[in-house]
Amino acid sequence: IPYIVISVLISLTLKYYILNKTENKVNKNVFPLLLIVPFALGFIEKELPKKQTNFTISNSVIIQKQAFAIYPNLLQVPNLSNTNSKSFINYLGIPQPVYSTYNKQTNTRVGYFENGMLLNETVTENSKKDKIIFNINTNSSNLATSPTIRHILKDKIVQFNSIEYQLTPMGDNTTKVTLITKVNLHSNLSYYGYVWSTIIINNFEKTLLNSLKQIIEKQP
């Protein structure tokens, strides 16, 4: 969707420029040609070499609880339906997390999203005190309800190297919870991909942390 929006904006800008620079003395047959712009950009993108970019996105929240009380809610996230706040990118089709379950026997975690998407994750590190690290198992996840995310993950355009929670005690009954996502981007338009990946992951992290804060602080 962002790619389509940008292409249309470029077409409209060109139309405005032509009309004003030529004092409306332009053949109307020119304007249908502007519809070619989005397709032309698509062909150009395919011809560009793919570049690999590694980056890390991190967000934190202060929760008025001790680390031992917060920890279980990170391993097995409670239902966030009533605390999540929608943003622009969610209306563009990026689903929000709802809750997650944890299977101790298989050491796997399943994240459930509002559109029915399921992310299967392996817990690779679990200190049970100040750190939890996950890896996404793309082949075991159910991405059928999110065609865009399925395309991005299955084609390895975006790879999540790790998703990590860090808990840092800040004093009596106060803990800083930091969510860290390490990403590998493999794209023809690396800057474009980096910008949108950053926007989406930042939004996801902030929404999740703020929802967790509201729920955990209300727990007895």
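Contact here means heavy atoms within 4.5 Å. Helices (H or I, at least four residues) and strands (E, at least two) are DSSP runs, numbered from the N terminus. This is a predicted model, in which local features need pLDDT of at least 70 and side-chain atom pairs count only at pLDDT 80 or more, while totals for chains, interfaces and linings use all residues. Residues are numbered from 1 along each chain as its sequence is written, and side-chain values use heavy atoms, with hydrogens and water left out.

Q: What makes strand 3 and strand 4 a pair?
A: Two strands pair if DSSP finds at least two bridges between them. Strand 3 (residues 108-113) and strand 4 (residues 118-126) are joined by 5 bridges and run antiparallel, so they pair by that definition. Thr-108, for instance, has Thr-122 in strand 4 as its bridge partner.

Q: Why is one side of strand 1 and of strand 2 left without a neighbour in the sheet?
A: The open sheet of 7 strands has the order 1-7-6-5-4-3-2, with antiparallel pairing. Strand 1 (51-63) and strand 2 (97-103) stand at its edges, each with a single partner strand, so one side of each has no neighbour in the sheet.

Q: Which strands does helix 7 lie across, and at what angle does it run to strand 1?
A: Helix 7 (residues 190-218) lies across strand 1, strand 2, strand 3, strand 6 (158-171) and strand 7 (174-187), running at about 20 degrees to strand 1. Axes are lines fitted to C-alpha atoms, for helices over the stretch in contact, and angles run from 0 to 180 degrees between N-to-C directions.
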